[in-house]
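Here are a few notes from my pass through this one. Have the viewer open while you read.

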Amino acid sequence: MGRSDLTDAEWERLRPFLPVSNRRCGRWRDHRQVIDGILHRVRTGVQWRDLPERFGPWKTVYERHRLWSADGPWERLLQQAQAEADAAGEIDWDVSVDSTIVRAHQHAAGARPKGGRGGRTSGRSTMAEPPRPPGGAGGEGLGRSRGEFTTKLHLSADGRCRPLSLIVTPGQRGRSTQFKPVLEKIRVPRIGPGGPRRKPDSIAADKAYSNGPCREYLRRRAIRHTIPEKTDSQAARRRKGSRGGRPPGFDEERYKKRNTVERAINRLKHARAVATRYDKRGYVFLGTATAAALVIWLRT
C-alpha cells in the first residue's frame, strides 16, 4: 500500500457517493484502484504516463480525473466529507480567506482549442469538458506575475486549517476581486433536513481585502469580520474629520487566527501537483487541488 493510497476506512467513507455505471457506456474500472492512481499523481506530480502499473492503464486514470474535474464528482466528494465533519460538530466556522501563487510548469502551457487539431471532438469529450472560457491562457487560469508564468489559487479555510472552497484565476489577478466568489462557493450540505450551510460565523482576511465592496458584502450578509484598515485609508478618513466616519472594528485576538488559512495553503502544497501546476486546463487543475483538499479532510 502506497503513502497516498486510501485506507479501508477512507474508502468506505467515499464508496457510497461515487458515480455508478449507466450500463450503456461499458463498466467503470475499479474506482478504488483509479482513485489511488489519481492521488499518487496529485501527491508526487509524476507525469500521467509514468504512473506505476499497479494503478492500471495511465490513460484510464487520467480520463477519470479529467471527467470528474469537469462533471463535479471531486467537488461533491469534498462537500460530503465536510458535511460529515459538520454533523459531528468538527468544523470551526471562524473562516479565513487568502490566496497563493502557484508556479506553472512549461507543460501547463499550450492547451489546444476546443476540438483539437482537426476541429473535431468525440462525443465523450464534448460531454465531459466544460466550454472553454474566453481569454486564451488567461481563460485557463494562467497569467504573468512576479513569479512569471503562474496561477493563483484563492481559498477559504475553517479554523482547523482545512479548505472550504477553492477558485483558480490567472496569477496577476487581484485577490480582493475573488473575495465574494470564494465565500459564495462555501456550501456544506447537512446530513438530514435543511439546506446547506453557506454562512460562516466570522471572517478574517488581510489588508488586501480592506476595501468598500468587501466590507459592504459582509455587512449585507451580517457576517462579523476582522480585516485591518489600510494606512492610506486611515489617513484619508482622518483628513475628512467628522465626515470621515468611525474606523471599522478590529479584533486583534480574532486576527491572530488568520494564520489558519496560511497553514491550509501549506497543507495543500504538500501535494506536488498543487505546488506546481502541470495541468493544461484550468478546470483540471482545480480538480487536482480539490482532490488534495479532500485528502486533507479525510485525514484530519
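How many of the 15 residues of H4 are buried, and what does that say about how it sits in the rest of the structure? Keep in mind that this is a predicted model.

1. Eleven of the 15 residues of H4 are buried, so the rest of the structure largely encloses this helix. The buried set runs Pro73, Trp74, Leu77, Leu78, Gln79, Gln80, Ala81, Gln82, Ala83, Ala85 and Asp86. Their cover includes helices H1 (8–14), H2 (31–44), H3 (58–71) and H12 (282–298), along with strand S4 (163–170).

2. On geometry, H4 covers residues 73–87 and spans 21 Å from first C-alpha to last, close to the 21 Å expected at 1.5 Å a residue. Just past the end of H4, glycine 89 has a positive phi of about 70 degrees.

3. H2 and H12, both part of the cover over H4, also pair with each other: their axes come within 10 Å and cross at roughly 100 degrees. That angle falls in the 65 to 115 band, so H2 counts as roughly perpendicular to H12. From H2 the contact uses Leu39, Arg41 and Val42, and from H12 Thr288, Ala291, Ala292 and Val295. By type, that is five nonpolar residues, one polar and one charged.

4. Now to a loop: phenylalanine 250 sits between helix H8 (231–239) and helix H9 (252–255). Leaving out residues up to four places away in sequence, phenylalanine 250 touches Thr226, Ile227, Pro228 and Tyr255. Its C-alpha is 6.7 Å from that of isoleucine 227, 23 residues away along the chain.

Technical notes:
Residues are numbered from 1 along each chain as its sequence is written. This is a predicted model: local features need pLDDT of at least 70, side-chain atom pairs count only at pLDDT 80 or more; totals for chains, interfaces and linings use all residues. Side-chain values use heavy atoms; hydrogens and water are left out. Helices (H or I, at least four residues) and strands (E, at least two) are DSSP runs, numbered from the N terminus. The expected span of a helix is 1.5 Å times one less than its number of residues. Buried means under 20% relative accessible area, exposed over 50%, partly exposed in between (1.4 Å probe, protein chains only). Contact means heavy atoms within 4.5 Å. Axes are lines fitted to C-alpha atoms, for helices over the stretch in contact, and angles run from 0 to 180 degrees between N-to-C directions. Angles under 35 degrees count as roughly parallel, over 145 as roughly antiparallel, 65 to 115 as roughly perpendicular and the rest as oblique. Ala, Val, Leu, Ile, Met, Phe, Trp, Tyr, Cys and Pro count as nonpolar, Asp, Glu, Lys and Arg as charged, and the others, Gly among them, as polar.
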